[in-house]
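Have it open beside you as you read.

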Amino acid sequence: MKETTREKMMCAALEHMAKHGFKGTTTKCIAKKAQVNEATIFKHFKGKDELIHEALAEQMNQVKTKVDRFFHTDHDHIRELLLAKIDFIHDIYESHRAFFLLTIKEKGSRELQFMNPSVFEYMTEELEKELAGMADQSMPEEEIKAIAMIANSVLMTIILEKMMAESYEQPVRLEMKKELLVEMLIRLWGR
């Protein structure tokens with residue numbers, strides 16, 4: 001499917017902001033990267049802020065749709081769920097790299113305030129729901145939340161390490177085999 005001019009501009013904005021941040025990105029930079037005239041941006045958007053907001057909102061919706069689809073797939077056992085989630089997190093990062101780089105780099109900025117919950121919080125909430133469905137009645141809700149948070153925190157740390165290595169053109173320092181990670185989480189699960 002051919003990318004529309006509007007989509008090209010939103011993609012260019014995300015890619016440029018992932019490298020240079022919100023303040024380092026201008027409509028002129030976006031136009032150059034999208035290979036359009038700067039006036040074209042203003043035909044589609046009121047300005048840089050609207051373009052940024054729409055690009056981020058579109059990416060957030062795409063990511064949430066993928067998260068929802070993933071968590072609405074049946075997983076029979078926690079091991080299967082966690083192994084699949086590691087692959088899912090890797091795949092979603094690869095397909096939305098600029099979005100993740102930008103949301104990490106600009107965390108706490110006013111441009112990201114509309115994303116509530118954040119992608120990371122949303123994934124943790126969905127994992128909590130899935131784990132709650134697998135847990136027996138004796139497992140306290142706090143433990144389920146803790147395991148979901150630990151699992152997501154470790155995965156996000158691995159992604160953050162990868163992002164930093166890419167940003168600074170350094171080797172990844174933290175590599176963890178997914179099977180080892182899953183075994184450690186299952187020990188916490190105690191089942």
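Predicted model: local features only at pLDDT ≥ 70, side-chain atom pairs only at ≥ 80, totals over all residues.

In which helix does His16 lie?

1. His16 sits in helix α1. This histidine is buried, as its relative accessible area comes out at 12%, and the cut-off for buried is under 20%. Setting aside neighbours within four places in sequence, His16 touches Gly21, Gly24, Thr25, Cys29 and Lys33. Take Cys29 from that list: 13 residues separate it from His16 along the chain, yet the two C-alpha atoms are 7.6 Å apart.

2. On to the cysteines. How many disulfides does the structure hold? The count is 0.

3. Next, how α1 packs. Helix α1 (residues 5–20) and helix α6 (residues 97–105) have axes that come within 8 Å of each other and cross at roughly 40°. That angle makes α1 oblique to α6, and the crossing is left-handed. On the α1 side the contact uses Leu14, Glu15, Met17, Ala18, Lys19 and His20, while α6 brings Ala98, Leu101, Leu102 and Lys105. Sorted by class, the contact has 6 nonpolar, 1 polar and 3 charged residues.

4. Stay with α6 for a moment. Which of its residues are buried? They are Ala98, Phe99, Phe100, Leu101, Leu102 and Thr103. Among the elements that cover these buried residues are α1, α4 (48–71), α5 (78–95), α7 (119–134) and α8. Of the buried residues, Ala98, Leu101 and Leu102 also turn up in the contact with α1.

5. Then there is α8 with α9. The axes of helix α8 (residues 141–167) and helix α9 (residues 178–189) come within 10 Å, crossing at roughly 165°. This makes α8 roughly antiparallel to α9, given that the label applies to angles over 145 degrees. Here the crossing is right-handed. From α8, the residues Ile147, Ile150, Ala151, Val154 and Leu155 meet Leu181, Leu185, Leu188 and Trp189 of α9. What is the make-up of this contact by class? It has 9 nonpolar residues, with no polar and no charged ones.

6. Two backbone details in loops are worth a look. Asn116 and Pro117 are joined by a cis peptide bond, with omega at about 5°; Pro117 is placed in the loop between α6 and α7. The other detail is Gln35, whose phi is near 60°, a positive value in a residue other than glycine. Gln35 belongs to the loop between α2 (27–34) and α3 (38–44). Is its side of the story buried or exposed? Gln35 is exposed, at a relative accessible area of 70%.

Conventions
Residues numbered from 1 in each chain as written. Heavy atoms only, no water. Axes fitted to C-alpha atoms, helices over the stretch in contact; angles between N-to-C directions. Helix = DSSP H or I, 4+ residues; strand = E, 2+ residues; numbered from the N terminus. Parallel < 35°, antiparallel > 145°, perpendicular 65-115°, else oblique. Left-handed = near helix turned anticlockwise from the far one by under 90°. Contact = heavy atoms within 4.5 Å. Nonpolar A, V, L, I, M, F, W, Y, C, P; charged D, E, K, R; others polar. Disulfide = S-S within 2.5 Å. Buried < 20%, exposed > 50% of the residue type's maximum accessible area, 1.4 Å probe, protein only.
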